[in-house]
Amino acid sequence: QVQLVESGGGLVQPGGSLRLSCAASGSIFRIYTMAWYRQAPGKQRELVAAITTGGSTNYADSVKGRFTISRDNAKNTVYLQMISLKAEDTAVYYCNAVLPTNIAIMWWGQGTQVTVSS
């Protein structure tokens, strides 16, 4: 079992930056593909960024060039650095861990709110 705890959300002005963190515990962090999803009011949850056990990354088109996902296996933590934030980035951001050899094994954090507004 994996416990995921997100932090770093908040209110930021358009054009601003935030860094989200997701601390994992309870299992071997480095064997999981880690990802960030987000869900805006009235919309479906969508993948924002993912990073594999080998460090390969992929991003939603809407955040390419603005968001960077990274992981620190020594700290059991995955990060999402967000710059040039836009109002449409407003959402609850969720951390996700999935075992790449068995995608039925998946864990979610409780979410952290990001609000981009002037």
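Reader: Which residues do ring pairs link into a cluster here?

Author: Rings of Phe, Tyr and Trp (its six-membered ring) pair if their centres lie within 6.5 Å; planes under 30 degrees apart count as stacked, over 60 as edge-to-face and the rest as tilted. In this predicted model, ring pairs join Y37, Y94 and W108 into a cluster. A search of the whole structure gives two aromatic pairs. In one, the ring centres of Y37 and W108 are 4.9 Å apart and the planes meet at 65 degrees, so this pair is edge-to-face. The other, Y94 with W108, is also edge-to-face, at 6.5 Å centre to centre and 85 degrees between the planes.

Reader: Where do Y37 and W108 lie in the chain?

Author: Helices (H or I, at least four residues) and strands (E, at least two) are DSSP runs, numbered from the N terminus. Y37 sits in strand 4 (residues 33-39) and W108 in strand 10 (residues 102-108), so their pair ties together parts 71 residues apart in sequence. Y94 belongs to strand 9 (residues 91-99), and its pair with W108 links parts 14 residues apart.

Reader: Is Y94 buried or exposed?

Author: Buried means under 20% relative accessible area, exposed over 50%, partly exposed in between (1.4 Å probe, protein chains only). Y94 is buried, with 14% relative accessibility, while W108, at 34%, is partly exposed. Across the chain, buried residues make up 42% of the 118 residues.

Reader: What does S21 touch?

Author: Contact means heavy atoms within 4.5 Å. Not counting residues up to four places away in sequence, S21 touches V5, E6, S7, W36, T77, V78 and Y79. S21 lies in strand 3 (residues 18-25) and is buried, at 16% relative accessibility. N58, in strand 6 (residues 57-59), is partly exposed at 39%. Setting aside neighbours within four places in sequence, N58 contacts L47, V48, A49 and A50.

Reader: How many helices and strands are in the chain?

Author: The chain holds zero helices and 11 strands. For overall form, the radius of gyration is taken over C-alpha atoms, and the globule rule is 2.2 Å times the number of residues to the power 0.38. With 118 residues, a compact globule would come near 13 Å, and the chain's 13 Å agrees. Its C-alpha trace spans about 40 × 25 × 25 Å along the principal axes.

Reader: How should I treat the numbering and the values?

Author: Residues are numbered from 1 along each chain as its sequence is written, and side-chain values use heavy atoms, leaving out hydrogens and water. Because the model is predicted, local features need pLDDT of at least 70 and side-chain atom pairs count only at pLDDT 80 or more, while totals for chains, interfaces and linings use all residues.
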